[in-house]
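Try each task before reading its solution.

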Amino acid sequence: AGSVKTLAPDELEAAGADLLAWMLVRFQVENIKVLVRGFVNRTPFGVLQEHLVVLPHDLALDTEALASAKTLEDFAELLPSGPLRKSLREALRIYHDRPQPFFLEAVLDRGYFQELLVRTDLLSDEDTEGIKPVILQEVNTFHLMLVLRGKFHYGLTPELLLPLHVRSGRMPLERFNAMLTAPDIFAAAGFAV
């Protein structure tokens with residue numbers, strides 16, 4: 001049996017602050033997704049600017065540099081170091097033959113959710129009990145939308161969608177695969193419940 005790690009009061013506050021700080025990164029992720037979509041579709045920066053959320057200084061991105069990157073690899077290197085840069089690098093490795101916005105955006109979301117779950121698990125048991133079900137529901141909704149959009153809208157194969165599974169979530173990889181191989185939307189949604 002494993003041991004339960006207890007946190008000192010100042011660590012609890014730090015864990016909660018880290019979780020809240022990461023939740024704000026969600027807005028940064030959305031800006032990155034707009035910029036990725038713009039990069040792939042060669043959308044002028046002026047058009048993209050209209051769709052970017054103005055972020056506080058500590059979350060702001062060098063949007064002009066990202067929009068003018070020469071390659072997606074250069075784009076990835078301009079992201080802040082950490083889970084998002086790592087996720088985009090991974091997407092470029094996995095989907096190098098298919099650098100479509102769908103895959104790049106989904107890998108960014110997956111990276112965000114994986115880090116969100118890691119930070120949630122650092123909370124006290126009491127805090128985790130109240131917060132984790134909400135976060136897991138968001139992760140499971142992400143999985144369901146991957147199946148609905150990826151399989152049933154874009155006609156993508158399970159092999160292309162399986163790498164987008166969020167580890168550490170409540171949905172095991174086997175269930176996600178069952179959703180991806182379901183014959184219709186209703187059967188896929190049944191596995192999500």
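**Exercise 1. Classify Glu90, then find its partner.**

Solution. Start with the cut-offs: buried means under 20% relative accessible area, exposed means over 50%, and partly exposed lies in between (1.4 Å probe, protein chains only). Glu90 has 23% relative accessibility, so Glu90 counts as partly exposed. Next, look for a salt bridge, that is, a side-chain nitrogen of Lys or Arg within 4 Å of a carboxyl oxygen of Asp or Glu. The side chain of Glu90 meets that of Arg110 in such a bridge, at 2.6 Å from N to O. This pair links distant parts of the chain: Glu90 is in helix α5, Arg110 is in helix α6, and 20 residues separate them. Helices here are DSSP runs (H or I, at least four residues), as strands are (E, at least two), and they are numbered from the N terminus.

A note on the model before going on. This is a predicted model, in which local features need pLDDT of at least 70 and side-chain atom pairs count only at pLDDT 80 or more, while totals for chains, interfaces and linings use all residues. Residues are numbered from 1 along each chain as its sequence is written, and side-chain values use heavy atoms, with hydrogens and water left out.

**Exercise 2. Which residue forms a salt bridge with Glu77, and what does the pair tie together?**

Solution. The partner of Glu77 is Arg89, with the closest N and O atoms 2.8 Å apart. Arg89 lies in helix α5 (residues 83-94) and Glu77 in helix α4 (residues 72-77), so the bridge ties together parts that are twelve residues apart in sequence. Arg89 is partly exposed, at 40% relative accessible area. Glu77 is partly exposed too, at 40% relative accessibility.

**Exercise 3. Trace the salt bridge of Arg26, and say how many salt bridges the whole structure has.**

Solution. Arg26 bridges to Glu30, and the closest N and O atoms are 3.2 Å apart. Both residues sit in helix α1, four residues apart, or about one turn of the helix. Recall the geometry: an α-helix has 3.6 residues a turn, so residues three or four places apart point the same way. Arg26 is buried, with 18% relative accessible area. Glu30 is partly exposed, at 30%. Then widen the view: Arg26, Glu30, Lys33 and Asp109 are linked in a network of salt bridges. Over the whole structure, a search finds nine salt bridges.

**Exercise 4. Is Tyr112 buried or exposed, and what does Tyr112 touch?**

Solution. Now list contacts (heavy atoms within 4.5 Å). Not counting residues up to four places away in sequence, Tyr112 touches Trp22, Met23, Val25, Arg26, Val29 and Leu84. For a distance check, take Asn41: Tyr112 and Asn41 are 71 residues apart in sequence and 23 Å apart in space, C-alpha to C-alpha.

**Exercise 5. Where is Gln114, and which residues does Gln114 contact?**

Solution. Gln114 is in helix α6 (residues 101-120). Gln114 is buried, with a relative accessible area of 13%. Leaving aside neighbours within four places in sequence, Gln114 is in contact with His165, Val166 and Arg167.

**Exercise 6. Examine the backbone of Arg42.**

Solution. Begin with the location: Arg42 is in the loop between α1 (9-41) and α2 (45-49). Its phi is positive, about 55°, although Arg42 is not a glycine. For background, most residues other than glycine have a negative phi. Arg42 is exposed, with 61% relative accessible area.
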